[in-house]
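Visitor: I have a chain open in the viewer. Please show me how to read it, feature by feature.

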Amino acid sequence: LPPPLPPPASLPDGGDASPPPPPVSLSPPPPAALPDGGDEGGAAALVLALSSMSPYQFRKLKTTASASCNIESPTGACWEDSEQYFWADMVGALEKMATRGVAGRTFFASAAGSSDYAVGLANLAAFLAQTMQETIQYDACDENNWSEQSALDMVSAKGGSPGEIYPASAACGQLGQSYQSYSCPAGGVLDPETGETVPP
């Protein structure tokens, strides 16, 4: 912390000669060192590998898609190119989150001191799967609001229009979930396809 300012001098007319307060910085604090297990070598290797790939075309559901469409449905019948999500944007955002992060938190790309980014690929796959479920398939930029009718009624009672204004509580959990309480079981998670246990 800076040293305290000296007391203000008094002006002859009794006014205050205090200097104006310093400007408030809205910038986040500089990121702390990467957390245990994070490593810039693995992050750089992951970003380089993804940058050198042929760009993947993210797709959204067509407005004419039937309810039976899923991720494996033929493109022509169900899918069209996204207008919001692009490979280069994802790689650029990943590079920032894996190397600089926010408030000292970074995307976990590899074990400390390693350039093996297999864990980073798994983390990215999990992130993209959730993003596809929540937003990409709808070409939406925000998480969908699954608030129950009682929450929408509260918004309406305050003069808001459900579908335009959402309850702030949706940021902390929807459909009875508590996002900040998510955790992995101590023994890991069973992969339903391979039968292998994925460690936490």
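**Confidence first**

Guide: This is a predicted model. The chain averages a pLDDT of 77, and 72% of the residues score at least 70.

Visitor: What does the secondary structure of the chain come to?

Guide: Five helices and four strands. Along the sequence, the pattern runs α-β-α-β-α-α-α-β-β.

Visitor: What share of the chain is buried?

Guide: Buried residues make up 24% of the 200 residues. Now look at contacts with a separation of 6 or more: residues 24 or more positions apart account for 48% of them.

Visitor: Let's take a helix. How do I read the span of α4?

Guide: Compare the end-to-end distance with the expected one. Helix α4 (residues 118-134) has 17 residues. From first C-alpha to last, α4 reaches 24 Å, close to the 24 Å expected at 1.5 Å a residue.

Visitor: Which residues of α4 are buried?

Guide: First, the general idea. An α-helix has 3.6 residues a turn, so residues three or four places apart point the same way. In α4, the buried residues are G120, L124, T131, M132 and E134. They lie on the same side of α4, because they cover an arc of only 165° around the axis.

Visitor: Now a single helix residue. Is A43 buried or exposed?

Guide: A43 lies in helix α1 (residues 40-51). A43 counts as buried because its relative accessible area is 0%, and the cut-off is under 20%. Leaving aside neighbours within four places in sequence, A43 is in contact with A98, T99 and A109.

Visitor: How far is A43 from T106?

Guide: Their C-alpha atoms are separated by 9.6 Å, although A43 and T106 are 63 residues apart along the chain.

Visitor: Where is S82 found?

Guide: In the loop between β2 and α3 (87-99). S82 is buried, with a relative accessible area of 5%.

Visitor: What does the side chain of S82 reach?

Guide: It reaches the backbone nitrogen of Q84 at 3.0 Å. A polar contact of 2.5 Å also joins the side chains of S82 and D139. Setting aside neighbours within four places in sequence, S82 is in contact with Q57, F58, R59, K60 and D139.

Visitor: How many disulfides does the structure hold?

Guide: A disulfide is a covalent bond between the sulfur atoms of two cysteines. This structure holds one. C69 and C78 form it, with their sulfur atoms 2.0 Å apart. Both C69 and C78 are buried.

Visitor: Why is the disulfide of C69 and C78 assigned a hand?

Guide: Read the torsion about the S-S bond. For C69 and C78 it is about -70°, so the disulfide is left-handed.

Definitions and conventions:
Residues numbered from 1 in each chain as written. Predicted model: local features only at pLDDT ≥ 70, side-chain atom pairs only at ≥ 80, totals over all residues. Heavy atoms only, no water. pLDDT = per-residue confidence, 0-100. Helix = DSSP H or I, 4+ residues; strand = E, 2+ residues; numbered from the N terminus. Buried < 20%, exposed > 50% of the residue type's maximum accessible area, 1.4 Å probe, protein only. Polar contact = N/O pair within 3.5 Å; in protein donor to acceptor, adjacent residues only side chain to side chain. Contact = heavy atoms within 4.5 Å. Disulfide = S-S within 2.5 Å. Expected span 1.5 Å × (residues − 1). Arc of directions from axis to C-beta.
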